[in-house]
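Please keep the sequence and the model in view while reading the points below.

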Amino acid sequence: MSKSRGSILLTGAGGDLGSAIVSKIISAPEFRRHHGIYAARNVDTPAPNLDAALKVGLPQSSSPGLSHSYEKISLDLSRLANVRTVAASINNRIAIGELPPIRVLILNAGYEEFRNQTWTEDGLDTTFVVNYLSQWLLAILLLQSIDKSQGRVVWISSFSHNTKDIRNVVIRCYHEDRYKTMISNDLEPIAKGTWSPNSPRSSSRTWVEGYRRYGSSKLCGVTMIYELQRRLDRDTALNDISVLAIDPGSMGTGIARRSSSWFLRVVMFRVVIPILGAVMVYFWPNGTWRTLDKSSGDVVSAAFNLAPPPLSERPKSLYLDGSKRGEHSSEASDPLKGQAVWKGSVKYADLKEGDTVLQDWK
């Protein structure tokens with residue numbers, strides 16, 4: 001631990017992409033020297049993908065230079081109170097020297113509803129809380145423990161956040177005028193799930209309603225590469241921290257596990273999409289369909305690499321689509337919308353004076 005280059009905190013480590021990211025980290029000498037903090041909803045629940053990555057990816061050697069120190073922690077992102085508890089524990093352990101400062105915070109956990117719409121114990125839309133608010137709160141609370149000279153906060157994004165993306169246009173999920181704009185001057189419709197609620201009349205389009213909620217939660221995260229970055233840049237103690245986001249593309253993962261369709265859950269996401277990814281990534285590396293190997297490699301590059309462009313020593317406010325610069329929704333870079341998301345986040349996370357070291361937190 002004493003020779004560690006810093007900590008890597010990864011949310012959603014038990015999922016397919018999260019486990020692939022762990023595999024990439026521990027298979028590269030320059031990354032495995034960091035201490036891994038791998039967060040999943042409940043580490044007492046079997047996570048075969050993560051366990052396999054930790055076992056297979058680590059070289060069979062007792063040499064200190066080839067070892068990888070890590071721990072698995074439980075983090076229930078549907079409960080804001082649990083986020084606070086976990087963040088407080090990590091901050092305390094770093095403050096007393098038990099853990100090295102956080103070199104990279106990868107906000108990877110993802111949640112999408114295909115059938116029922118649910119709400120958290122705080123009365124907020126679950127998709128919004130898990131994908132955005134809890135991970136925003138985690139980042140804000142942990143700022144005191146992030147490496148002040150080269151720390152990075154990496155948001156895992158999705159093209160679902162951009163209503164003008166051709167893929168969203170084709171499936172007509174945002175074709176109604178009321179859905180062409182996600183963020184108003186008040187975050188409440190997204191936070192409480194009323195912007196795209198499940199229709200009581202028919203269940204045939206509930207996946208679209210859930211997809212829109214997923215997209216709006218991802219947009220909130222993308223706004224932070226500008227809004228959080230602006231606030232960090234004005235803080236002399238934190239202005240070397242970089243905030244960026246990356247769309248890893250469509251992969252064969254368990255994101256559709258809540259779908260009632262066996263065809264979608266198993267045939268599409270476990271058979272068809274992996275095959276498509278393996279073929280298409282060869283011809284179109286940053287296209288829609290990608291492999292877990294390609295996407296996890298891109299995420300790790302975004303987290304650590306200084307080059308090639310558009311990556312740099314401090315890749316501030318950078319939005320990546322795989323390994324290239326990507327296009328995001330124009331709403332994400334709108335300062336007024338960024339402020340609306342920030343104010344709503346402070347409100348719904350119940351952020352108070354003294355919770356964060358960020359000076360401009362209100």
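Helices (H or I, at least four residues) and strands (E, at least two) are DSSP runs, numbered from the N terminus. The model is predicted, and accordingly local features need pLDDT of at least 70, side-chain atom pairs count only at pLDDT 80 or more, and totals for chains, interfaces and linings use all residues. Residues are numbered from 1 along each chain as its sequence is written, and side-chain values use heavy atoms, with hydrogens and water left out.

**Helix H8**

- Helix H8 covers residues 206–233, and its 28 residues reach 41 Å from the first C-alpha to the last.
- That span is close to the 40 Å expected at 1.5 Å a residue, where the expected span is 1.5 Å times one less than the number of residues.
- A kink of about 40 degrees is centred on Met224 in H8; the bend at a residue is the angle between axes fitted to the seven residues ending there and the seven starting there.
- Of the 28 residues in H8, 25 are buried, a term that means under 20% relative accessible area with a 1.4 Å probe, protein chains only.

**Cavities**

- The whole structure contains 2 cavities of 30 Å³ or more.
- On a 1 Å grid over the protein atoms alone, a cavity is a set of points where a 1.4 Å probe fits but cannot get out, and lining residues have an atom within 4 Å of a point.
- Grid points are joined across faces, edges and corners, and a volume is the space filled by probe spheres set on the points.
- The largest cavity has a volume of about 40 Å³, and its lining includes Asn131, Trp155, Ser217 and Gly221.
- Helix H5 (126–141), strand S5 (152–156) and H8 each supply at least two residues of that lining, and H8 gives the most, with 4 residues.
- The second largest cavity has a volume of about 30 Å³, and among the residues lining it are Asp125, Trp195 and Arg213.
- Helix H7 (188–191) and H8 each supply at least two residues of the lining of the second largest cavity.

**Leu54**

- Leu54 lies in helix H3, which spans residues 48–57.
- Leu54 counts as buried because its relative accessibility is 8%.
- Not counting residues up to four places away in sequence, Leu54 touches Val22, Ile26, Tyr38, Tyr70 and Lys72, contact meaning heavy atoms within 4.5 Å.
- Ala20 is 34 residues from Leu54 along the chain, and their C-alpha atoms are separated by 9.9 Å.

Technical notes. Buried < 20%, exposed > 50% of the residue type's maximum accessible area, 1.4 Å probe, protein only. 1 Å grid on protein atoms, 1.4 Å probe; cavity = no way out; pocket = protein on both sides within 12 Å on 5 of 7 lines; lining within 4 Å.
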